[in-house]
Amino acid sequence: MTKKINLKYILILFIAVLLSCFFHEFAHWITGELLGNKMSMSFNGASPISGEYKHKWNANIITISAPIFTILQAIVFYFIVNKTKNINLYPFLFFPFVYRFFAGIANVFGPNDEGRFGMSFGLGLYTVSILFSSLLLFLIIKFSIKNKIGLKFNVITFFLCAISLLLIVFMDQYFKIKIIR
């Protein structure tokens, strides 16, 4: 497995971040719709159009659906990248960690997915974020050891993922483009 960060890797990484964000929010949206809520969606958010869910219990299911999807993405790509040995697919495994790690930190500004879910079950603001981020980090460490991915490669990938995520969040906030209304 050739471990080079080149333009192709960076482009695929950005696509991985964009698709991961899209499908994360799509998981919220589709879950809400399946539960009978009319939902809207952007690259960094999904919410009921009316401002509230049809039933209070919908909130927890809709909230946790996307982080679970993101974990499933990482698990699937853990096996795909191990099987194919295609390092260009590594961002699809790596980004879910970055995504949920920063979501956990963002709980400081207000509860997000894992924070809201944890608080609704009396687990606190950070417990679920720490558990999910730890699981995702475990997959990266296990993959990195098995495939001899060095710290430098992972640190650069982390920063590229973080920059790409910040760009998507900024674009979402600035342009306020609704993907699905």
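1. Ground rules. This is a predicted model, where local features need pLDDT of at least 70, side-chain atom pairs count only at pLDDT 80 or more, and totals for chains, interfaces and linings use all residues. Residues are numbered from 1 along each chain as its sequence is written, and side-chain values use heavy atoms, with hydrogens and water left out.

2. α1 on α2. Helices here are DSSP runs of H or I, at least four residues, numbered from the N terminus. The axes of α1 (residues 7–34) and α2 (residues 58–84) come within 8 Å and cross at roughly 140 degrees. Those axes are lines fitted to C-alpha atoms over the stretch in contact, with angles from 0 to 180 degrees between N-to-C directions. The pair is therefore oblique, given that under 35 degrees is roughly parallel, over 145 roughly antiparallel, 65 to 115 roughly perpendicular and the rest oblique.

3. Who touches whom there. On the α1 side, the contact (heavy atoms within 4.5 Å) uses Ser 20, Phe 23, His 24, Ala 27, His 28, Thr 31 and Gly 32. From α2 come Ile 61, Ile 62, Thr 63, Ser 65, Ala 66, Pro 67, Phe 69, Thr 70 and Gln 73. By class, that contact has seven nonpolar, nine polar and no charged residues. For the bookkeeping, Ala, Val, Leu, Ile, Met, Phe, Trp, Tyr, Cys and Pro are nonpolar, Asp, Glu, Lys and Arg charged, and the others, Gly among them, polar.

4. Skipping residues up to four places away in sequence, Thr 31 touches Ile 61, Ile 62 and Ser 65.

5. α1 on α3. These two pack at about 55 degrees with axes 9 Å apart, which makes α1 oblique to α3. This crossing is right-handed. Tyr 9, Ile 12, Leu 13, Ala 16, Val 17, Leu 19, Ser 20, Cys 21, His 24 and Glu 25 of α1 meet Tyr 90, Pro 91, Phe 92, Phe 95, Tyr 99 and Arg 100 of α3.

6. The cores. A nonpolar core is a set of buried Ala, Val, Leu, Ile, Met, Phe, Trp, Tyr and Cys residues joined through side-chain atoms within 4.5 Å. The largest one has 34 residues, of which Tyr 90, Leu 93 and Phe 95 touch the most other members. At least two residues come from each of α1, α2, α3 (90–106), α5 (127–147) and α6 (151–175), and α3 gives the most, with eight. Leu 93 contacts Ala 74, Phe 77, Tyr 78, Leu 139, Ile 140 and Phe 143, leaving aside neighbours within four places in sequence. There is also a second, separate core of five residues, including Trp 29, Met 39, Met 41 and Ile 62.

7. Two lysines to look at. Lys 85, in the loop between α2 and α3, has a positive phi of about 60 degrees without being a glycine; at 38% relative accessibility it is partly exposed. Lys 176, in the segment after α6, has a positive phi of about 50 degrees, and is not a glycine either. At 57% relative accessibility, Lys 176 counts as exposed.

Technical notes
Buried < 20%, exposed > 50% of the residue type's maximum accessible area, 1.4 Å probe, protein only. Left-handed = near helix turned anticlockwise from the far one by under 90°.
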